[in-house]
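Visitor: I have the sequence and the model open beside me, and I'd like to talk through a few parts of it. Could you start with the terms you need?

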Amino acid sequence: MMTENGDGHADIMALRSKPRLIVLDESLRIVFADWTAILTLMRACDNPRDPLESLPEPLNGAVRDVIASWDASTAAEAVVEPIPDVALRVSRLRGESGSYIAVFCENLARRDDIKHAADTFSLTRREQEVLRLVMQGFSTPEIAAELTIAETTVSDYFKQLLRKTGAKNRTEMIARVLGWSAHKRQE
Amino acid sequence: MDDASQFLGVQRRNFGWVYVLDEDLRLIATPALSDDSLPENASTLVRDAAMRWAHQSWQHELLMSVGPALFARVFPMHGPDGSCIVVYLEPFRERVPR
């Protein structure tokens, strides 16, 4: 059985997809990578090259510019959009043997998760409103107050959202809405 | 952080925090941020999440709720010189100021 913690969240589940993360060393050499992300970026950049060494240009240059702009004592995170529909979230890691750079690749075509979910799961406008508030952490009474509807109505919308997304609980629903493709419960 | 809010949407307003562990589940890289910028007891949460991942599976990508406002996504990654386990702590319950 999947367990629930005290706040009603699902405890653990398996995902079909993982974050499109790439870890670089200080010289921007790829140390660890989601290779699907690398191949996607290479296609997006239309700039095929050996994927085992570094990010394709202009992404490599964009990351280099970000790092150069950081104040060594403070800034450690930034977002850049070096090519259309691709954003890189760049953050600095520190380790015993030096610094690393974590680069998340975001597909901006999916920047509005609620709109994407509405299309994917055929959500009504009201269901989208409830979903957005649920994902912002609003409780049922708070959602009822925000939308000026009864709490029982909110509960009905929530059940509809669970049914349409095929989720059993809030965490699984959020995972599905965010496109994390939860597909298997852990025993 | 404003830039992140704009493209991530309100439900994911913050960056998550990336922790990299070796195959023996030892931390080899942590966010280069001050402790007060990290979730409370982050290192403990990360180690616990990695242990649970190792107990469950060495190949799946797992999503765990490690608190009312925090997911841990745990997954392996590979590179030219070896493999690692990433624990990505991600807040999901950011409230929007009214």
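This is a predicted model: local features need pLDDT of at least 70, side-chain atom pairs count only at pLDDT 80 or more; totals for chains, interfaces and linings use all residues.

Visitor: OK, so how do α3(A) and α4(A) lie to each other?

Guide: The axes of helix α3 (residues 113-121) and helix α4 (residues 125-135) of chain A come within 10 Å and cross at roughly 135 degrees, and the two helices are therefore oblique to each other. Helices here are DSSP runs of H or I with at least four residues, strands are E runs of at least two, and both are numbered from the N terminus; axes are lines fitted to C-alpha atoms, for helices over the stretch in contact, with angles from 0 to 180 degrees between N-to-C directions.

Visitor: Which residues in α3(A) and α4(A) meet?

Guide: On the α3(A) side they are A:Ile114, A:Ala117 and A:Ala118, and on the α4(A) side A:Gln128, A:Leu131 and A:Arg132, where contact requires C-beta atoms, placed from the backbone, within 7 Å.

Visitor: Switching to chain B, what order do its elements run in?

Guide: Chain B has two helices and five strands, arranged from the N terminus as α-β-β-α-β-β-β.

Visitor: And is strand β4 of chain B enclosed or open?

Guide: Strand β4 (residues 70-79) of chain B is largely enclosed by the rest of the structure, because seven of its 10 residues are buried. A residue is buried if 20 or more other C-beta atoms lie within 10 Å of its own, exposed if 12 or fewer, and partly exposed in between, with C-beta atoms placed from the backbone. Across the 98 residues of chain B, 40% count as buried.

Visitor: What does β4(B) pair with?

Guide: Strand β3 (residues 61-67) of chain B pairs with β4(B) in the antiparallel sense over five bridges, pairing being at least two bridges found by DSSP between two strands, and B:Leu62 stands opposite B:Val74 in β4(B). Strand β5 (residues 82-91) of chain B also runs antiparallel to β4(B), joined by 10 bridges, and β4(B) and β5(B) form a hairpin with two residues between them.

Notes:
Residues are numbered from 1 along each chain as its sequence is written. Chains are lettered from A and ligands numbered from 1 in the order in which they are written. Angles under 35 degrees count as roughly parallel, over 145 as roughly antiparallel, 65 to 115 as roughly perpendicular and the rest as oblique. Two residues are in contact if their C-beta atoms, placed from the backbone, lie within 7 Å.
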